[in-house]
Amino acid sequence: MTEPATVLTTTDPRTGLTATEVADRVARGLTNAVPTAPTRTVGQIIRGNVLTPINLVVGILAALVIVAGSPKDALFGGVIVANSVIGVYQELRAKKVLDQLSVVSAPRAHAVRDREVRELLVHELVLDDIVELRAGAQVVADGSIVTHDNLEIDESLLTGEADPVVKVDGDPVMSGSAVVAGTGRMVVTKVGAENYAAQLAEEARRFTLINSPLRNDVNRIVTWVGWIIIPVGVLLATSQYLRRDETWQQSIISTVAGLIGMVPEGLVLLTSVAFAVGVVHLAKRRCLVQELPAIEVLARVDVLCADKTGTITEGALEVAEVELLNGVDAHTVNSVLTALAHLDPDPNATSLALKSHYTEPTTWTVTGRVPFSSARKWSAMSFANNGNWVFGAPENVLTSAYTGALLEQVESHAANGQRVLLLASTAAVFAEANDAELPTVQPIALVLLEDIVRADAPETLQFFADQGVIVKVISGDNNVTVGAVARRAGLQGWADNVNATTMPPIDTEEFTDAVMASTVFGRVTPHQKRAMVQALQSRGHIVAMTGDGVNDVLALKDADCGVAMASGSEATRAVAQLVLLDSNFSALPKVVAEGRRVINNIERVASLFLAKTTYSVILSILTGVFALAYPLRPIHLSILSWFTIGIPAFFLALEPNDHLVKPHFLQRVLGRAIPAGTVIAGATMGAFAIARLDTSIDEDHARTVAVLVAGGVALMNLFRVAQPLNHLRRVLIVTMIALFGLAFVLPIGRRIFELPLTHAWAYAMGAAFIAAAWPLLVLGSWVSEQFHRKAAEKPDTAAT
């Protein structure tokens with residue numbers, strides 16, 4: 001039994017716990033294991049795929065037919081087995097892949113044990129562990145600060161407060177927050193379920209099929225059908241039993257024949273399977289889908305906000321040049337930059353670039369420092385007997401003095417795509433993180449750094465431009481520098497760059513207008529990034545955000561689809577819906593293609609299922625109102641469902657399809673299905689009625705003609721829906737026609753599906769009805785296109 005998680009001892013922050021102390025806590029259950037699993041359990045998956053409303057309806061109807069003494073007509077009940085087996089298999093497959101990738105991308109902690117710093121998974125931490133805190137790291141357990149060095153924590157995801165909080169010894173820290181500056185160590189005071197935000201990261205990885213506009217539309221269709229079935233079923237049953245004087249057994253069979261055709265039994269299954277297959281496809285490309293709707297949402301995105309560093313560029317810098325100012329000698333500047341690089345306890349990309357350029361060690365001693373933060377955009381160090389130095393963005397280090405020749409010099413370099421940083425000296429001595437007020441400084445040198453543009457960035461940006469997606473680059477760097485990098489990456493509109501410090505206040509229409517008007521934004525604070533995403537959304541855009549740093553977390557969380565690089569901070573990976581495990585920006589077009597495949601293919605096959613629903617409803621109403629014999633038996637609906645809908649829909653749903661996603665999914669599907677279903681119903685009832693005019697043809701023989709006409713017209717509808725044809729679709733359609741025809745030709749087929757031979761003239765009449773239905777299907781398509789054209793003029797509320 002797990003003991004209450006209370007601090008047992010005071011752990012020395014220098015040595016950490018010993019192996020014996022760790023083993024004792026593990027044995028007592030005082031580990032940081034999160035109690036909830038990141039994915040649905042096997043039992044939940046089985047129940048979720050077996051105990052569905054559609055399976056319940058189909059099961060009840062199958063049972064009624066069996067009770068009526070015609071088990072052969074209950075063959076449609078096999079769809080319960082097919083739905084359950086396929087759905088369980090695909091979701092278990094996706095679960096296995098996601099669980100494996102979640103381990104790869106799971107947050108890590110650096111714990112001190114036996115005087116050594118060791119990288120551990122979150123669940124391997126125990127109570128009283130000493131955990132190192134570094135810039136960009138996610139705080140993975142609640143604790144208390146025991147050592148600090150200019151430590152600042154971003155608690156915005158927990159409190160909503162955008163400003164980082166300075167932490168000193170004894171201050172509490174909560175899981176779910178992130179380190180934005182400085183370093184320190186904390187002692188774990190709560191583990192497992194007692195953590196304030198223990199389930200934040202795990203909840204993001206849960207495999208889910210909810211909150212998807214596409215699935216919402218599909219579920220809406222199923223709900224409508226459910227409401228229609230009840231009154232139509234009552235009408236059909238009373239008509240067959242009371243007005244036609246059929247036996248109760250025949251009345252049940254006729255009623256079930258009408259109702260089972262209304263149920264789009266495979267539509268929900270195919271939607272789930274299409275999503276699950278997409279997850280597996282993307283996993284093979286090293287893309288972790290943490291929230292399933294992200295596949296669909298990214299395909300609908302019309303604005304992509306890209307962080308420059310780590311997205312368009314590799315996130316690595318190199319020193320291009322150092323320009324001396326005010327006659328300072330090179331030796332002094334080189335010595336200062338060497339010390340800044342080698343004595344930074346938590347180096348960022350700039351420090352690493354300096355360190356790789358200045359490889360010689362330093363003998364200087366640090367007496368005080370202010371770490372870099374994305375909010376102030378400068379850092380500082382004081383050295384024993386070697387002065388005090390500030391290093392950062394020129395416009396932030398030099399405020400009133402940033403004019404004239406120096407300004408022109410900086411902008412000239414920035415226009416060439418170089419990142420320009422200023423080294424300045426000051427008489428002020430730096431001590432603690434809260435000594436962050438900028439003193440008077442003297443410019444000493446300009447350090448020119450260059451971003452390395454990803455080799456795949458130009459092609460990826462061009463892909464989104466070709467697809468009509470607006471790309472906006474948002475960065476904390478100088479806007480002219482960002483624009484130059486965007487130019488090197490081939491981004492259109494790179495010259496249209498804005499310094500975010502000059503933008504109107506957020507939450508104003510002027511701010512939103514500025515965001516809409518420009519392409520490149522520099523000197524953007526984390527709070528502004530989030531406001532930019534919200535501004536775009538307020539104008540009806542669907543926004544994706546890519547990023548890798550702590551300063552991207554707020555914007556990633558608020559975007560419709562957040563995409564994080566695995567090489568970035570743990571905090572960004574925790575809140576993003578997609579994680580690119582190889583930090584490969586070029587993987588995004590593959591995600592878009594998967595989303596388009598799901599949306600476009602489900603739209604295609606949904607019209608097949610709903611055409612069957614439409615003609616079943618019309619036939620049921622006609623036979624119910626006019627007390628006519630129902631032209632089909634349940635066994636006939638099985639053959640119609642298999643060869644004109646079910647089997648071809650399965651292949652069509654999984655076929656590649658990267659066409660642009662069009663708006664108004666539900667209207668488009670209904671606009672195609674209703675005309676087709678109406679034509680099928682009219683042709684089927686007409687052929688059945690004419691066949692019954694011949695007194696030598698009874699109802700069973702007339703139903704053979706009705707099945708032939710219904711299947712023939714439905715196959716023509718399949719041919720129309722499958723346009724444009726490719727090799728796979730041609731083979732699929734020919735195969736379905738052949739299999740459907742064999743049911744009429746082969747004796748075993750006629751016996752199983754109850755299709756007795758009838759007069760030759762009846763077959764010819766059925767063929768004539770099929771031929772006459774084609775121009776009506778074409779007319780229905782034309783009417784549908786007119787409907788779509790009008791719908792396109794209205795905003796797509798479903799997509800948003």
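**Strands and sheets: a quick chat**

Modeller: β4 (residues 143-154) pairs antiparallel with strand β7 (residues 178-188) over 9 bridges. This is a predicted model, where local features need pLDDT of at least 70, side-chain atom pairs count only at pLDDT 80 or more, and totals for chains, interfaces and linings use all residues. Residues are numbered from 1 along each chain as its sequence is written, and side-chain values use heavy atoms, with hydrogens and water left out.

Colleague: What counts as paired, and as a strand or helix?

Modeller: Two strands pair if DSSP finds at least two bridges between them. Strands (E, at least two residues) and helices (H or I, at least four) are DSSP runs, numbered from the N terminus.

Colleague: Which residue is the bridge partner of histidine 148 in β7?

Modeller: Glycine 184.

Colleague: And how many bridges join β4 to β5?

Modeller: 2, and those strands run antiparallel. Isoleucine 153 sits opposite valine 165 of β5.

Colleague: Switching topic: what's the strand order in the open sheet with 8 strands?

Modeller: β8-β21-β20-β19-β9-β16-β18-β17, with mixed pairing. β8 (287-289) and β17 (497-499) are the edge strands, each pairing on one side only.

Colleague: Which helix packs on the sheet?

Modeller: Helix α19 (residues 526-538), which touches β9, β16, β18 and β19; contact means heavy atoms within 4.5 Å. The direction of α19 makes about 160 degrees with that of β19. Axes are lines fitted to C-alpha atoms, for helices over the stretch in contact, and angles run from 0 to 180 degrees between N-to-C directions.

Colleague: How do β20 and β21 run?

Modeller: Parallel, joined by 3 bridges. Methionine 565 has leucine 580 of β21 as its bridge partner.
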